[in-house]
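Hi everyone, thanks for coming. Today I'd like to walk you through one protein chain, a few places at a time. Have a look at the picture first, and then we'll start.

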Amino acid sequence: MPDFSKPHLEYFELLPMLIVFGTACIGVLVEAFLPRESRRVPQIAVSLLGLVAALGATIWVATDVDKVGDGARGLVGAEGSVIIDGPTLYLWGLLLIFGILGVALFAERRLEGGLSAFAGQAAALPGTEAERVAATKGLDHTEVYPLVLFAIGGMLLFPASGDLLTMFVALEVLSLPLYLLCGLARRRRLLSQEAALKYFLLGAFSSAFFLYGAALVYGYAGSVSFAAIDQAVRGDSEQHGLLLAGIALLAVGLLFKVGAAPFQAWTPDVYQGAPTAVTAFMSAGTKAAAFGALLRLFYVAFGGERWSWQPMLSVVAVATMLLGAVLAMVQSDVKRMLAYSAVAHTGFLLTGVIGAQGAGQLADGQYSSLEGVLFYLTTYGFASVGAFALVTVVRDAGGEATSTAAWAGLGKRSPVVAGAFAFFLLSMAGIPLTAGFIGKWAVFTSAMSAGFWWVVLVAIVSSIIAIFFYVRHIRLMFFTDPEPGTTAAVSEASVLTLGTVAICLAATLVLGVVPGPVLDLVVHAGDFIR
């Protein structure tokens with residue numbers, strides 16, 4: 001019999017992920033052993049402490065990784081299943097920050113009169129006596145905290161995956177908790193449950209596409225490892241059609257997660273129906289994790305076949321930008337407007353992805369496509385979380401006032417909230433002196449340097465269209481009088497929501513005025529380990 005060799009795990013480098021998954025398991029134990037009325041504070045404390053500890057561990061690991069080859073830093077761990085390199089560590093830090101902000105929004109109770117935004121008893125049918133009893137008793141689903149921690153753990157593993165099977169497992173680990181979280185809204189429960197069901201069904205189809213694509217690529221390369229796939233691609237193996245079919249199916253699975261056309265149908269419904277705290281976390285975290293995975297898959301595994309996938313992603317980017325910008329113009333709901341805005345931003349990020357140039361192919365001072373996309377994810381994430389956090393405080397008698405008509409004249413009633421929301425919208429529009437302008441400049445220049453000037457031209461046109469609906473909403477808040485009976489007011493939020501908005505505002509302002517330190521950090525992250 002052959003000798004058994006135990007697997008070698010790099011526990012220090014894997015520490016941030018282990019902390020998050022361990023904290024999630026502790027949250028499950030809290031649910032099991034503490035009475036329901038005593039769980040909330042321990043769950044919040046455990047979640048925040050775990051995420052802060054994981055962020056500290058990420059910084060510790062980042063200061064201790066060594067250079068590997070030309071322009072890369074880190075190592076290949078867990079027997080080749082997890083790659084801890086510079087881009088991975090940068091995304092880990094970003095995702096953990098978004099996770100901390102998301103948990104803070106989850107913990108908000110002042111806006112609902114002492115209750116959270118999550119249903120008191122999810123199993124009770126909307127409008128039934130069981131639901132009324134749960135609301136009267138002030139019941140709360142504290143399971144949302146371990147669920148979001150499991151989702152964050154999946155997000156950390158997703159861009160760090162070293163093979164297709166690990167990436168698929170990460171995709172499911174991050175997706176399944178989000179399906180549940182989207183259906184747990186306390187108000188508008190039918191809309192929330194519809195959003196969760198749509199997200200689950202479409203997500204299951206996209207996962208099947210991804211898995212089928214992985215099977216085809218395995219048939220082509222004889223391995224699911226990204227390094228082995230890259231060698232097979234560069235070795236010009238036979239069965240080229242099998243490779244192209246596999247790339248296409250894998251792309252479907254990942255493009256669904258980022259909300260790219262024509263796989264964006266779930267985005268407006270889920271963003272509108274989910275609890276807004278979940279929407280805020282998803283808009284930043286899911287996009288960052290999915291784009292990290294997409295970059296690693298196409299740059300590392302399929303880098304030698306970029307002449308085949310670049311035209312495909314170019315068409316997808318153009319369709320995504322135009323569709324998101326045009327459909328956002330006709331929305332009468334703020335959350336749906338921000339959802340289609342997110343679709344347009346997905347197109348802008350794909351514009352950076354198709355640049356596909358490494359640091360060695362660039363002129364001095366020029367940012368690579370990887371660096372541009374990482375910086376854009378940072379700028380968009382903070383603006384998106386901040387914008388959705390402000391949506392939670394604009395309310396009427398029925399809860400959150402997401403109708404655009406209800407925001408008319410908000411600048412006169414609450415100039416601080418309206419001004420902060422306008423600033424986030426201007427950043428998303430890419431106005432100079434905001435973080436969004438630097439982010440778009442980074443991805444557009446990388447695509448131009450790769451010869452995709454026509455995609456950049458469409459991106460500029462889409463940005464101009466987007467400016468129209470962003471500025472229209474700003475005009476509505478400051479220069480339009482409200483119609484009788486449609487006025488919304490700003491409710492007093494706790495320090496958790498206010499702190500989240502303040503952090504996002506500061507980040508958006510600093511990244512626009514002084515982007516140098518973060519750009520240097522992105523450059524220092526280096527390239528993917530191949």
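Let's begin with salt bridges: the count comes to eight in this chain. Please keep in mind that what you see is a predicted model.

Here is one of those salt bridges. Asp269 pairs with Lys198, and their closest N and O atoms are 2.9 Å apart.

H7 covers residues 189-221 and H10 covers residues 266-273. They pack at an angle of about 145°, and their axes lie 8 Å apart. Is the crossing left-handed or right-handed? It is left-handed.

Now, which residues meet there? From H7 we have Leu191, Ser192, Ala195, Lys198, Tyr199 and Leu202. On the H10 side, they meet Trp266, Asp269, Val270, Gln272 and Gly273. Sorted by class, this contact has six nonpolar, three polar and two charged residues.

The peptide bond joining Ala261 and Pro262 is cis, with omega of about 0°.

Another backbone detail to look for is at Ala78. This residue is not a glycine, and still has a positive phi of about 50°. You can find Ala78 in the loop between strand S2 (72-77) and strand S3 (82-85).

Last stop, the surface. Val315, Leu322, Met448, Trp453, Trp454, Leu457 and Val461 make a nonpolar patch of about 680 Å². Two elements give two or more residues to the patch: helix H12 (306-328) and helix H18 (453-479). Which helix gives the largest share? That is H18, with four residues, and Val461 is located in this helix.

That's my tour, and I'm happy to go back to any of these places with you.

Notes. Residues numbered from 1 in each chain as written. Predicted model: local features only at pLDDT ≥ 70, side-chain atom pairs only at ≥ 80, totals over all residues. Heavy atoms only, no water. Axes fitted to C-alpha atoms, helices over the stretch in contact; angles between N-to-C directions. Left-handed = near helix turned anticlockwise from the far one by under 90°. Contact = heavy atoms within 4.5 Å. Nonpolar A, V, L, I, M, F, W, Y, C, P; charged D, E, K, R; others polar. Patch = residues over 30% accessible without salt bridge, like charges linked within 9 Å, V, L, I, M, F, W, Y side chains within 5 Å. Areas by Shrake-Rupley, 256 points an atom, 1.4 Å probe, with all protein chains shown as cover. Salt bridge = Lys/Arg side-chain N within 4 Å of Asp/Glu carboxyl O.
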